[in-house]
Amino acid sequence: MHDIRALRDDPSAFDTAMARRGLSGMADQVLTLDDARRAAILAAETAKADQNAASKQVGAAKAAGDDATFETLRATVAAKKAEVAEMETEAKRLDRELNDLLLTLPNILDTDVPPGRDEADNLEIHRWGTPRSFDFAPVEHYQLPAARGLDFATAGKLSGSRFVVLRGAMARVHRALSQFMLDIHTTEHGLEETNAPVLVRDEAMVGTNQLPKFAEDSYRTTNGWWLIPTSEVTLTNSVRETTLDAADLPVRLTAHSLCFRSEAGSAGKDTSGMLRQHQFEKVEMVSIVAPDASEAEHDRMTDCAKAILERLGLPYRVMLLCEGDTGFGARRTHDLEVWLPGQDTYREISSVSNTGAFQARRMNARFKPKDGAKPEFVHTLNGSGLAVGRCLIAVLENGQQADGSVDLPAALHPWLGGKTRITAEGALA
């Protein structure tokens, strides 16, 4: 959500910012509605004042026994009352229309976000690890003999395409990865582990900008709850309608949860394997900070995600997303892309975004500055730490051996009871 006062003060700056998002003439649309709304409010207030003045005169006329004046004034009061109701209704309609328009407008990008239309224009800002050289042709995760515990056939019978049943070693390593991530984030990165609902109300989805923009990408139950696409929704909305003390900041949270996405716009993309699923698991990170700390917090959260990949020995790169690839709610985003030898390319495994006050304004989440100044909106940040299924894919593909087995990262061994590999028969050993 945008600050309407800032837009009024400098509409040309707002138009310039929206032009980077591919939108034009938005300031005029917003201000036209805003002017109409303010005029309707003023008219309603003026009519209300006239009604109140006439009401006082009615009492005076009645006390003086002036029946003719009394009846005239009483009719005037009734007419003003109806006029006020009509004007207030119009003001509320315009207010909703303005709010609905503002909810459809993306966040303003940071000045250092590079120009560009799509992922081809993203800027690499960091790279770690050297992709392994194989003396055989590496295959994708779902083609590995060791990964026979990925059961797409049963999932298809149960739920259809873009689902998977994990069995045996696949289920065990998947669970170990999520536990490994949570333990590192909570014991070394200072995040508070949280377990929250996966069903939320409209307000929560609006607060983290899934609604109204991405309604078709989410699932809704028959009684109105939404299945979360990420626990960013629940973690961030935990401060909704709250005014925190400056001493309470930063708030740093993490959660391992199921996530649900319809993948409405991904027809034909990544149809094989488990890279793009309707139901998946993710370890999420969320930070709530003061505005002057958000830039450093963005880098800190990126480092937290990087640390998981480095512990697992998975080569990756960090991309600063360009204008055309930065998400609707973000002002700046780092994508971490892990190397997948089966595809011979890097693929996204984490997206870490600074949304500034964009979500906080939608949620009305504030904090009290230490100097006693009036409350300000907090800044919110979110990021994957990491997507568990995609991390499983990376572990399988990078650890694959010529005989179809998989060597598992040493950092993961303690979470697997000392097991170090998956045999070609699909068993932990």
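Phe214, Phe328 and Phe358 form one aromatic cluster. Before going further, a word on what you are looking at: this is a predicted model, in which local features need pLDDT of at least 70 and side-chain atom pairs count only at pLDDT 80 or more, while totals for chains, interfaces and linings use all residues. Residues are numbered from 1 along each chain as its sequence is written, and side-chain values use heavy atoms, with hydrogens and water left out.

Back to the rings. A pair of aromatic rings is described by the distance of the centres and the angle of the planes. Here, rings of Phe, Tyr and Trp (its six-membered ring) pair if their centres lie within 6.5 Å; planes under 30 degrees apart count as stacked, over 60 as edge-to-face and the rest as tilted. The count by this rule is six aromatic pairs. In one of them, the ring centres of Phe214 and Phe328 are 6.0 Å apart and the planes meet at 90°, so this pair is edge-to-face. The two residues are 114 residues apart and link distant parts of the chain: Phe214 belongs to the loop between helix 7 (202–207) and strand 6 (219–220), and Phe328 to the loop between strand 11 (316–320) and strand 12 (332–340). Helices (H or I, at least four residues) and strands (E, at least two) are DSSP runs, numbered from the N terminus.

How covered are these rings? Buried means under 20% relative accessible area, exposed over 50%, and partly exposed in between (1.4 Å probe, protein chains only). Phe328 is buried because its relative accessible area is 10%, whereas Phe214, at 29%, counts as partly exposed. Trp339 and Tyr346 make another edge-to-face pair, at 5.0 Å centre to centre with 65° between the planes. Trp339 has 13% relative accessibility and so counts as buried; Tyr346, at 9%, is therefore buried too.

Trp339 brings us to strand 12. In a regular strand the side chains alternate between the two faces of the sheet. On strand 12, Arg332, His334, Leu336, Val338 and Leu340 point one way, Thr333, Asp335, Glu337 and Trp339 point the other way, and all are buried. What lies on either side of this strand? Two strands pair if DSSP finds at least two bridges between them. Strand 11 and strand 12 pair in the antiparallel sense over five bridges, with Tyr316 opposite Val338. Strand 12 is also joined to strand 13 (residues 345–354) by nine bridges, again antiparallel, and here Leu336 stands opposite Ser350. Strands 12 and 13 form a hairpin with four residues between them, and Asp344 in the turn has a positive phi of about 60°.

Elsewhere, three strands form an open sheet with mixed pairing, in the order 8-14-15. Its edge strands, each pairing on one side only, are strand 8 (243–245) and strand 15. Strand 8 runs parallel to strand 14 (residues 366–368), paired over three bridges, and Thr243 stands opposite Arg366. The charged end of Arg366 sits over the ring of Phe377, 4.1 Å from its centre; the rule asks for NZ of Lys or CZ of Arg within 6 Å of the ring centre and within 35 degrees of the ring normal.

On a 1 Å grid over the protein atoms alone, a cavity is a set of points where a 1.4 Å probe fits but cannot get out, and a pocket is an open set with protein on both sides within 12 Å along at least five of seven lines; lining residues have an atom within 4 Å of a point. Grid points are joined across faces, edges and corners, and a volume is the space filled by probe spheres set on the points.

The second largest pocket holds about 480 Å³ of space. It is lined by 19 residues, and the closest to its centre are His2, Asp3, Arg5, Arg361 and Phe377. Helix 4 (67–103) is one of the elements that supply at least two lining residues, and it gives the most, with four.
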